[in-house]
Amino acid sequence: MNELSERFETHEAGDRQAGEKLRCDACPVMCYIAEGRTGACDRYGNFGNRIVRCDPVRVLDYAVERGAPLVPFGDEPWDGELVNTGRHFVTAIGSGTTYPDYKPAPFIVSQEVEGVDLVTVVTEGIFSYCGVKVKIDTDRHLGLETATVRAQGEAVGHVTTGEYGSQMLSLGGVHHLTGGSKSEGRATCETLLELCNKKPVELTIDGGATVVVEAGKPPVIDGQAEHRMRVGCGSATIGMFGTQWRGLVDEVVVVDDHITGVVSEHQAGKVLGWEDTGIRILGRKSTPGRYFKVSEPGLGWGGTSISDPLAILGDWNAKKGARPGLSLLMVSTTGEQFAYYELDEALKPVEKPFPERLRKSVGLIEDNCEPALCTVLFVGGAGGSLRAGVTENPVNLTRSVHGLKTYVTVGGAPVYVWPGGGITLMVDVTRVPDGAFGYVPTPALVAPIEFTLRKDDYLALGGYEADIRSIGDVLARGGEYFNERAVAAAMADNPWPPLVQLRRAKPGSSP
Ligand code: SF4
């Protein structure tokens, strides 16, 4: 028997104890764990002949007033002192789970906040149906839409619709987690876990680029770190900077894979009084001064495949204003690539040293570009049985969330709940405390989730009244799988969850 299987033999549901080993029932794997060892996910262990959750429950501490300095307690074990306001928020990080879902959530915590009796129900959800949406700020072409994205050689997602100046990936989901081979499911789970815990992950796109993605950090594309995201499309760039170029150069072309802009033809240029230049762009004209498909997408200028911008120009037309000496600026949408030309006697553009008078305008484009970052949003559904840990009548929770009576958070971070059926939520992983996400080898991701609502609303939706405990009691006595607790400062941007919304839900208050 190898070390791993010795650590967590799995069995059918049955006895709580097999020989010297205890059964963990916090997920469907149901490991039998020997004393002093942990189970397959390393989240639960058998210590002192008791199954315990190995990580401490994370309790957030909020300052007295919004904007006041936060008190950093890091991950130090809580010393029993009630600190600051007593306004703590018990997150689901380290709390344990409701699996197999017949029992109430691990912690149902009551607390009075500004005269409102609130209840927060916390649990670590097991998400077999979850994924991440990744936004990569780059002009560069990463791969065709629908191209397969791989990690460790396994398919873990696909390229999806680009959004404005960013490339988008859709990773994970039930088909990759459970619908493919074992190694596909494992690679998908590992990829999601690393991304959600803000770790770097290398992804390869079929027929496209290799990109290292890390939440909140610049993407690294084919070994090169990206620095800036585009200021806008080529047409928008013309609109924004047309006045800066007036009188300094006769023509400006902003090279862009999506919409290449030409100032003399563009509406903005016309209004500003730019003269015709007889330029011809090799691309599909959309509207005056706006061209699509000047090249194939790639890693070149403005997300095109070209390294020589003259490749997108046809012959110049003398009858429409072209003349020897006419000056031309070509620039990309990030201002990182630029070149200056003048037409010779044969009306051919010849590159000249870049004139000082144009440096400021090109610098302005660069200055207006925001830093290129990767954004990772965890997407999960608090559907099915997870809701049963909150109320005996699960659909009531869904209605309460959509009715804005229940405020949902992930590790204390605010979420966006999709309209429509179920509780499908998205959260920016950079707003979630470090190390909040875990996994189980079914495979599925484990994510903290908290539901906060007024106590009277909680009781009205069929909540577990007998299991409500005061925050002081929770901090003092812990719970079923309790190990220890850590008090951490709340992340600066995250409001104390209920205050924003639940005040609105007070009877008689205006929305
Ligand atoms: S994988 Fe983890 S949660 Fe699941 S039974 Fe084993 S130790 Fe418990």
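A residue is called buried when its relative accessible area is under 20%, exposed when it is over 50%, and partly exposed in between, with a 1.4 Å probe and the protein chains only. The model is predicted, so that local features need pLDDT of at least 70 and side-chain atom pairs count only at pLDDT 80 or more, while totals for chains, interfaces and linings use all residues. Residues are numbered from 1 along each chain as its sequence is written, and side-chain values use heavy atoms, with hydrogens and water left out.

**View 1. Residues around the ligand.** The shell around the ligand includes Cys24, Cys27, Cys31, Cys41, Arg43, Tyr44 and Pro441. It divides into nine nonpolar residues, one polar and one charged, where Ala, Val, Leu, Ile, Met, Phe, Trp, Tyr, Cys and Pro count as nonpolar, Asp, Glu, Lys and Arg as charged, and the others, Gly among them, as polar.

**View 2. Cysteines of the shell.** Cys27 counts as buried because its relative accessibility is 9%, and Cys41 is buried as well, with a relative accessible area of 13%. A search of the whole structure for disulfides (pairs of cysteine sulfur atoms within 2.5 Å) finds zero.

**View 3. Strand S15 and its partners.** Strands (DSSP runs of E, at least two residues, numbered from the N terminus) pair if DSSP finds at least two bridges between them. S15, residues 201–205, pairs in the antiparallel sense with S12 (residues 148–151) over two bridges, and Val149 stands opposite Ile205. With S16 (residues 210–213), S15 pairs in the antiparallel sense over four bridges, and Thr204 stands opposite Thr210.

Conventions:
Near = heavy atom within 4 Å.
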